[in-house]
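Please open the model in your viewer and keep the selection panel at hand.

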Amino acid sequence: DACYAIHGWPGYRAGSIIGRPGPAMAAAEFFRITIRGKGAHGARPYDSVDPVVAGARVVLGLQTIVSRMADPFSPLVLSVCRFSSGSNGNVIPETAVLEGTVRYFDAAMGAKVPAKIEAVVKGVCDSVGAGYEFVYEKPYIPLINDRSCFEAGRAVALELFGEAMWIEPEHPSMGGEDFAYFLQDYPGAMFNLGLGEDRCSLHNPGFDFNDEAIGNGILFLVALALRTLEA
């Protein structure tokens with residue numbers, strides 16, 4: 001009948017319940033660009049097809065996809081998070097590898113992004129005489145909370161913990177979440193559990209789940225399940 005999830009979330013009061021209706025977390029997609037040039041000694045750059053320079057131009061060119069090719073009223077994130085090339089300070093390498101991620105909510109806009117990325121890569125590589133390989137993966141779809149399921153969770157949180165422990169963010173998160181696939185097939189919603197305002201952020205080596213918050217998370221999910229079964 002319905003499915004619910006809760007996710008630990010630093011930056012909010014410990015034990016608080018956080019949620020919003022509709023779009024809650026973004027699609028998360030990933031790309032890998034391998035630029036193939038021609039290596040040379042660092043003292044003889046004219047003998048090379050420099051993949052480092054080409055890669056730098058690609059990184060800068062990709063920024064125009066968000067700033068000039070996307071609707072400013074529809075959130076889009078494109079981040080190059082890895083640039084790897086060479087192994088020595090005086091050798092121009094043969095290849096450079098760029099990896100990054102794309103986040104969005106609008107599926108129609110998201111569908112256009114891979115072609116736009118490749119167009120930038122191809123234009124740069126063609127201009128310098130380099131080759132390239134482009135791989136694009138789409139593992140996570142946007143997470144969209146069902147309105148009625150969200151309202152059920154909000155009501156339970158307010159009854160259990162009061163207004164001071166209920167938080168409704170103005171904006172969705174651009175993070176990705178595979179619970180989205182449950183919501184593609186069934187009504188439901190994902191909520192977050194506050195872990196403390198000063199706790200270390202997610203995906204950080206210093207992260208430590210705040211055990212003091214877990215009691216509220218358990219109580220919230222159990223009460224929400226019972227309400228749903230009784231409806």
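A pocket, as the word is used here, is an open set of grid points where a 1.4 Å probe fits, with protein on both sides within 12 Å along at least five of seven lines. The model on your screen is a predicted one, and the largest pocket in it has a volume of about 290 Å³.

**First stop: the largest pocket.** Select His7, Met25, Gly175, Gly176 and His203, which are the closest to the centre of this pocket among the 14 residues that line it. If you colour the lining by class, you will find seven nonpolar, four polar and three charged residues.

**Second stop: the second largest pocket.** Here the space comes to about 160 Å³. Centre the view on Arg20, Ala24, Pro169, Ser173 and Asn192, which lie nearest the centre of this pocket out of the 13 residues lining it. Two or more lining residues come from each of the elements β3 (22-25) and β12, and the lining as a whole divides into eight nonpolar, four polar and one charged residues.

Show the side chains of Cys149, Phe150, Ala152, Gly153, Val156, Ala157 and Phe161, the buried residues of α3. Viewed down the helix axis, these buried residues fall within an arc of 160°, and so they line one face of α3. Turn to the face directed away from the buried side, and the exposed residues Arg147 and Glu159 come into view. To see what the buried residues of α3 pack against, display β1, β2, β11 (166-167), β12 and α5.

**Last stop: helix α5.** Select residues 214-230, where 17 residues reach 24 Å from the first C-alpha to the last, close to the 24 Å expected at 1.5 Å a residue. Which residues of α5 are buried? They are Gly217, Phe220, Leu224 and Thr228, and they share one side of α5 because they cover an arc of only 65° around the axis. On the other side of α5, Leu229 and Glu230 are exposed.

Note on methods. Residues are numbered from 1 along each chain as its sequence is written. This is a predicted model: local features need pLDDT of at least 70, side-chain atom pairs count only at pLDDT 80 or more; totals for chains, interfaces and linings use all residues. Side-chain values use heavy atoms; hydrogens and water are left out. Helices (H or I, at least four residues) and strands (E, at least two) are DSSP runs, numbered from the N terminus. The expected span of a helix is 1.5 Å times one less than its number of residues. Buried means under 20% relative accessible area, exposed over 50%, partly exposed in between (1.4 Å probe, protein chains only). The arc is that of the directions from the helix axis to the C-beta atoms. On a 1 Å grid over the protein atoms alone, a cavity is a set of points where a 1.4 Å probe fits but cannot get out, and a pocket is an open set with protein on both sides within 12 Å along at least five of seven lines; lining residues have an atom within 4 Å of a point. Grid points are joined across faces, edges and corners, and a volume is the space filled by probe spheres set on the points. Ala, Val, Leu, Ile, Met, Phe, Trp, Tyr, Cys and Pro count as nonpolar, Asp, Glu, Lys and Arg as charged, and the others, Gly among them, as polar. Contact means heavy atoms within 4.5 Å.
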